Amino acid sequence: MSIPVQQGAAVDVTRIRHPYFQSLVTDAATAVASIGDGDTVAISGFASAGTPKAFAPALAERIREVRAGGGRLSVNLLTGASVASEAESLLAEVDGVALRMPYQSEPTARRKINDGRMDYVDIHLSHVAQQVWEGYYGDVDVAVVEVAAITDDGKLVPSMSVGNNKTWLEVADKVILEVNSWVPLGVEGMHDVYYGTALPPQRRPIMLTRPEDRIGQCYLEVDPSKVIAVVPTDQQDSESSLTAPDEVSRAIAGHVVEFFRHEVACGRMPAKGLLPLQAGIGNVANAVLAGLEESPLTDLTCYSEVIQDSMLRLIREGKVAHASATSLALSSAGLTELVDNIDLYREHITLRPQEISNHPEIVRRLGIIGMNGMLEADLYGNVNSTHVGGTRIMNGIGGSGDFTRNGYVSMFLSPSTAKGGAVSAIVPMVPHVDHTEHDVQVIVTEHGLADLRGLSPRRRAPLIVDRCADPAFRPLLHDYLDRANARPDAGNTPHILEEAFSFHTRLAATGTMLE
């Protein structure tokens, strides 16, 4: 069955198996006509996976038309985390987003935020669903959610991410569904959508004790009376940009694997399976997981936000028994691998709502090993993962805080320098703190690993410098530390406050920033 729904093209609608939803099939331009100025719009998507494909181009074009006629149209945009960069940029370029929450990673949107032309609320990903339910962002006027299919009885087969889709479908006044026939039907059964969450004081324990446990159902649900349009699409997810592990990332991975061996030898982690792994998005995290391929560690599990290419290889090679996440953030090669072998991966991967994948109670119970990236760390273990020079946002905190504060071990990974060696990732004092010294346990760069557990601030500082800082910056950092320690008012955490941020000022003046 096919009907013309967009620019005269015939789009397959056989995945829309419920008669009522078939009656709502239309094109994206018609669907977004219901969106008004100032509406709060919640869309699917987490990392590069599951972003609605037709929504952003259609809304951006409508905004241009409204503006050309002298009108106004912008929305408040809520997502799971980042979304496909082309969707984010299309809406940012036309100034179509007044407020953005909770995470972004696209340069055009970043510039708008830093120029004060887009409000941005950066919050922990585990907090999003509750805050939306509590009304912090007002009513959600429209939800736009991509799914793989609509069943005969009107249930929704999720696509390559779950994110906040359950919440969006529950709270939105109106719903637009995009049914993407590119998503292999083999994803059906990969998801575990839990409908047992509640707000205090009705909240109950979540009975999940292993990454492979299933506590929900395979489908999303929606009140049919809310659905105003069903838009068929057939378009691949955007690929996540990943580069092959280089010398720096391989060195970081080697230090992490050696740390795991040490923890096993000390009896703090089981020899078989370690503890469940969480890894943030990006090249370094992907390289660390790739490093596990060469290690003797087996029967590993993952309880994370995203699954990247290296995790697929670990599953295929039998290193990882099960991986739980909320999204598949894959390169083009990874997407091909997943689609071509979907039956294999469906047996070893579970995709959940992000309020479960990032849930502090579950992270603490399972004893997650959290591995996340950072922009910089200071001498005492405070970590800045979001702001350049203390003021300019890069991406957002995402879910790193969920795993750092609640995990069994919290690790932060980064090359020791940026800008070709001109900027040190180890600094006297970070100008913006996302993760405090109380939560950060291990810092790793290509030069080494600093295990900060059980150490006072005065003992942490020289260890971080000697193990993690680039050798070119160590004399400067030791000089600062020596002079801070020599002050009569040095205290428990020695600093020379009038000097601590001077290098940030110099970097800003010379234009040598991380952006």
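The chain folds into 19 helices and 27 strands, where helices (H or I, at least four residues) and strands (E, at least two) are DSSP runs numbered from the N terminus. This is a predicted model, in which local features need pLDDT of at least 70 and side-chain atom pairs count only at pLDDT 80 or more, whereas totals for chains, interfaces and linings use all residues. Residues are numbered from 1 along each chain as its sequence is written, and side-chain values use heavy atoms, leaving out hydrogens and water.

In overall form, the C-alpha atoms occupy a box of roughly 75 × 55 × 45 Å along the principal axes.

Of the 515 residues, 58% are buried, that is, under 20% relative accessible area (1.4 Å probe, protein chains only). In soluble globular proteins, nonpolar side chains tend to be buried together. Here the largest nonpolar core has 53 residues, of which F260, M371 and M411 touch the most other members; such a core is a set of buried Ala, Val, Leu, Ile, Met, Phe, Trp, Tyr and Cys residues joined through side-chain atoms within 4.5 Å. Helix α8 (residues 247-265) gives the most to this core, with six residues. Apart from this core lies another, of 39 residues, including I35, V142, V306 and I393.

Notes. Buried < 20%, exposed > 50% of the residue type's maximum accessible area, 1.4 Å probe, protein only.
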